[in-house]
Amino acid sequence: MRRSIGKHAGMMKSLIRPVSLLALVLLLASCAGKSSEQVARNLWQGWEESDMLMQPDYPDAVPVLLVHGWNGDEFTWPNAKRLLAMEKRLGRDIYYFNYRTGALPNRYPPLEAMEEHLERYLKSFPGQVDVVAHSMGGLLVRQYLSHHAGNNVRRLLLLSVPHFGTSAASLLSELASVTATGNVQAQEIQPGSDFLWHLNSLDGSELDGIQVLNAYAISKHTLRGDLVVDPVSAWLPWAPNVVVTGDHSTLPRELDRLPFIYNFLQEGAIPAELASEPAQRNLWVRVNGHDHVPLNFTPASVKRRPGRDKHWESKGTSLCCGLRSSMYDEGATTVIAEDVHAGESLRLIDRRQTPAGVIQVDVPDELEQPVTLIERNLAGPSPVAPVEATTGE
C-alpha cells in the first residue's frame, strides 16, 4: 500500500514539474520580443488611461456603468484607451463597477450581499445611469433591481447572462464542495438554485420601467461558441433578445465595436432583427409539503416517463442543490427535466411518510418560454392549472 502511495506521489511530482515549466514558458513567451522597459511602459500607460477613464468628463450626461461577471474585472472590457474613445463618441462618462468574485472557495460573498454594494455605488450618481452587465454581473443587477424599486437605472444592456444558470457553475460548485461552504457565488448560479428560482419567479417584474436589451453569443462550431452559457439559459423571456456570432467574451470584448450596442446606449434603440427563441423546453419543479416545508428528493426518488404509454425511467433529470444556494435557502430540491415535451410526466416520491407519497407532474401541453418553473403546494390547490399532482401509496 505504501509503495502504491509513494509511486502515485512520485508520478504527481513528475507531472507537476513539466506543467509548471510549461506555464512559465508560456508566461515568458507572452513577453517575447518586448524589453523590460517596453513592458513597464505599457503597464504604466494602461494604468494612466484607466485613471483617466474614471475621471468625470461629461458630468451633465447620463453615465454608463460596466458590471463584470464571475471572476472578472476591468479586463473583461475593451482596454481603457478604446473605452476613452467610446466615451468621446458617446459624449458620456464610462465607469467600472468591480466587486469581490473569484474561483476560490470560502472567500467571496453571495450576490444578495453584493447588491447593497451596487446600491451605494449607483446612488453616488446624482441622476440616472445606464448599466451594461456581463454574465453573472447581469444576475447581480437583476437581483439589485428586484429589491430596489426606486433605483436610478434608465437602460440595462445584458451580455451573455446565465439567467437560468450554467453547468460550468455546477462543476465549480462540486469541486469547491470539499470545504464547508463551497464557492457561494458558483452555487447561486447553478441551474435550479434557490437564488435563480426566486429571481426568475418574479417573471421579469424587476425590469419594469427600465429599457432592457438582452444579447448573447452563438456559433455554428460547438467549440467556438459560448461554452459557459447555452441559448436556453441566455434567453431572457421578458425583454428583446439579440444574438451575435462568438464566444462568452465576445460581447464585452467588442463592446465599442458593435453598432447595436452604441445605438441602444445612445438612443434606447432596439435592433430590427431580433433573435429567434430557442426551441428547447426545460422544466424546473419544486414541491412544498402539507406542512409547508419544501420537500427534498434524491436521484432515486425521481422518475421520468417520456410518454403516456412508456415506462418510468431514471434518466433525463437532475437535482439542485447539494449546498445552500441563497441567503434565504430553505433547503428545497429543484427537479430539473431538460428537453421536455407534451405527454411526458415526472414522478416524485416523498419518502417522509409510510407508505411513501407519490407526486406526479405532467408536462403542460404548451410551455411559453425555454425554462418554466412549476411550484406544487400539497397543502392546497395547485397554482398552475395544467399540472396535475396526486398523492397516494
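# Briefing on a predicted model

Asn71 lies in the loop that runs between strand E1 (64-67) and helix H3 (80-90).

**Confidence along the chain**

- Where pLDDT is low, predicted coordinates should not be read in detail.

**Backbone at Asn71**

- The phi of Asn71 is near 60 degrees, which is a positive value in a residue other than glycine.
- As background to that value, most residues other than glycine have a negative phi, and most peptide bonds are trans.

**Cys320 and Cys321**

- One disulfide is counted in the model, and the link joins Cys320 to Cys321, with an S to S distance of 1.5 Å.
- The link of Cys320 and Cys321 is right-handed, with 45 degrees about the S-S bond.
- The peptide bond that leads from Cys320 to Cys321 is cis, and its omega is near 10 degrees.
- Cys321 is placed in the loop between strand E9 (317-320) and strand E10 (334-337).

**Helices H4 and H5**

- Helix H4 (residues 111-122) and helix H5 (residues 136-147) have axes that come within 9 Å of each other and cross at roughly 75 degrees.
- Angles of 65 to 115 degrees count as roughly perpendicular, and H4 and H5 are therefore roughly perpendicular to each other.
- On the H4 side the contact is made by Leu111, Glu112, Met114, Glu115, Leu118, Glu119 and Leu122, which meet Met136, Leu139, Leu140, Val141, Gln143, Tyr144 and His147 of H5.
- The residues of this contact between H4 and H5 divide into nine nonpolar, two polar and three charged.

**The sheet of three strands**

- Strands E8, E11 and E12 form an open sheet in the order E8-E11-E12, and their pairing is antiparallel.
- Strand E8 (302-305) and strand E12 (357-362) are the edge strands, each of them pairing on one side only.
- From one strand to the next in this sheet, the twist averages 20 degrees.
- Four bridges connect E8 with strand E11 (residues 345-350), and the two pair in the antiparallel sense.
- Within the strands of this sheet, Arg304 stands opposite Leu346, a residue of E11.

**The sheet of four strands**

- A second open sheet has its four strands in the order E9-E10-E7-E13, and here the pairing is mixed.
- The edges are formed by E9 and strand E13 (371-377), each of which pairs on one side only.
- In this sheet the twist from one strand to the next averages 25 degrees.
- Strand E7 (residues 282-288) is joined to E10 by three bridges, and the two strands run antiparallel.
- Leu283 stands opposite Ala337, which belongs to E10.

Key. Residues numbered from 1 in each chain as written. Predicted model: local features only at pLDDT ≥ 70, side-chain atom pairs only at ≥ 80, totals over all residues. Heavy atoms only, no water. Pairing = 2+ DSSP bridges. Axes fitted to C-alpha atoms, helices over the stretch in contact; angles between N-to-C directions. Parallel < 35°, antiparallel > 145°, perpendicular 65-115°, else oblique. Contact = heavy atoms within 4.5 Å. Nonpolar A, V, L, I, M, F, W, Y, C, P; charged D, E, K, R; others polar. Disulfide = S-S within 2.5 Å.
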